[in-house]
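Open the model in a viewer and keep the sequence at hand. The tour below goes from one selection to the next.

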Amino acid sequence: MKQVAIFSAILVALIHCVSAGDVPSQDIARPSKGRLAPVEGKRFILSLTSMNWFAAYGFCNQQNTTLLSLELGNADNKKKEFKAFINLYHLEDHEYWLYGSRLEDDVTFRWGLGGLPISYTDWSTGQPDNAGGQQRCMKLFKTILWDDDNCFSKYYAVCQKY
Ligand SMILES: [Ca+2]
């Protein structure tokens with residue numbers, strides 16, 4: 001009887017260890033099977049490679065999210081959260097694609113494909129400049145201000161979960 005009690009105690013301790021080990025200690029996705037995983041928090045997912053706007057759009061779509069939209073610019077709490085997120089993981093040295101583009105009619109910038117025209121704007125000084133006549137997609141400068149750029153240029157994807 002005593003042996004059964006000891007055995008049960010060991011079993012309970014083992015189960016406890018296994019479940020404790022399953023809980024991620026950090027709010028970040030871990031590399032799996034030797035491949036680099038995206039950096040993931042409660043609200044955002046960042047790609048670890050740069051890609052064109054369409055690939056970035058698909059990258060977020062595959063994870064049931066969308067590219068980042070900052071509808072309210074500086075007044076947007078999301079912008080503050082994003083800033084804090086990239087600072088936390090020291091990823092503030094990248095430029096990131098935004099959800100917006102003017103692919104639909106080549107004139108009006110909209111959030112998403114076929115979405116609403118952007119109302120509040122947070123363009124960097126002198127933007128959008130459509131440099132070279134080929135800048136239809138929106139991205140963030142390192143200053144977290146908006147820029148228009150060639151959709152086939154390569155930048156990092158930032159996805160928002162909600
Ligand atoms: Ca530009």
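**First stop: a loop residue**

Select H90, which has 7 C-beta neighbours inside 10 Å and therefore counts as exposed. The model is a predicted one. H90 sits in the loop between α3 and β4. Its phi is positive, about 55 degrees, although H90 is not a glycine.

**The whole chain**

Zoom out to the chain, which has 3 helices and 8 strands. Read from the N terminus, the order of elements is α-β-β-α-β-α-β-β-β-β-β. Of the 162 residues in the chain, 25% are buried. Among contacts with a separation of 6 or more, 56% are between residues 24 or more positions apart.

**Helix α3**

Select residues 77-88, the 12 residues of helix α3. At 1.5 Å a residue this helix should span 16 Å, and its end C-alpha atoms are 17 Å apart, which agrees. H90, from the first stop, follows α3.

**Helix α2**

An α-helix has 3.6 residues a turn, so residues three or four places apart point the same way.

Just after α2, pick N64, where phi is positive at about 55 degrees.

**The nonpolar core**

Select L67, L68, W97, L98, A157 and V158. In the largest nonpolar core, which has 31 residues, these touch the most other members. At least two residues of this core come from each of β2, α2, α3, β4, β6 and β8. In soluble globular proteins, nonpolar side chains tend to be buried together.

Keep L67 selected and show what surrounds it. Leaving aside residues up to four places away in sequence, L67 touches A56, Y57 and C60, as well as W97, L98, Y99, A157, V158 and C159.

**Strand β6 and its partners**

Is β6 mostly covered or mostly open? It is mostly covered, with 6 of its 6 residues buried. On one pairing, β4 and β6 run antiparallel and are joined by 3 bridges. To see one of these pairs, select W97 together with K139, its bridge partner in β6.

β6 is also joined to strand β7 (residues 146-150) by 5 bridges, and these two run antiparallel. β6 and β7 form a hairpin with 5 residues between them. In the turn, I144 has a positive phi of about 70 degrees.

Move to the loop between β5 (110-111) and β6, where P128 lies. The peptide bond that joins Q127 and P128 is cis, with omega about 0 degrees. N130 is found in the loop between β5 and β6 as well. Its phi is positive, near 45 degrees, and N130 is a residue other than glycine. How exposed is N130, and why? With 14 C-beta neighbours inside 10 Å, N130 counts as partly exposed.

Key. Residues are numbered from 1 along each chain as its sequence is written. This is a predicted model: local features need pLDDT of at least 70, side-chain atom pairs count only at pLDDT 80 or more; totals for chains, interfaces and linings use all residues. Helices (H or I, at least four residues) and strands (E, at least two) are DSSP runs, numbered from the N terminus. The expected span of a helix is 1.5 Å times one less than its number of residues. A nonpolar core is a set of buried Ala, Val, Leu, Ile, Met, Phe, Trp, Tyr and Cys residues joined through C-beta atoms within 7 Å. A residue is buried if 20 or more other C-beta atoms lie within 10 Å of its own, exposed if 12 or fewer, and partly exposed in between; C-beta atoms are placed from the backbone. Two residues are in contact if their C-beta atoms, placed from the backbone, lie within 7 Å. Two strands pair if DSSP finds at least two bridges between them.
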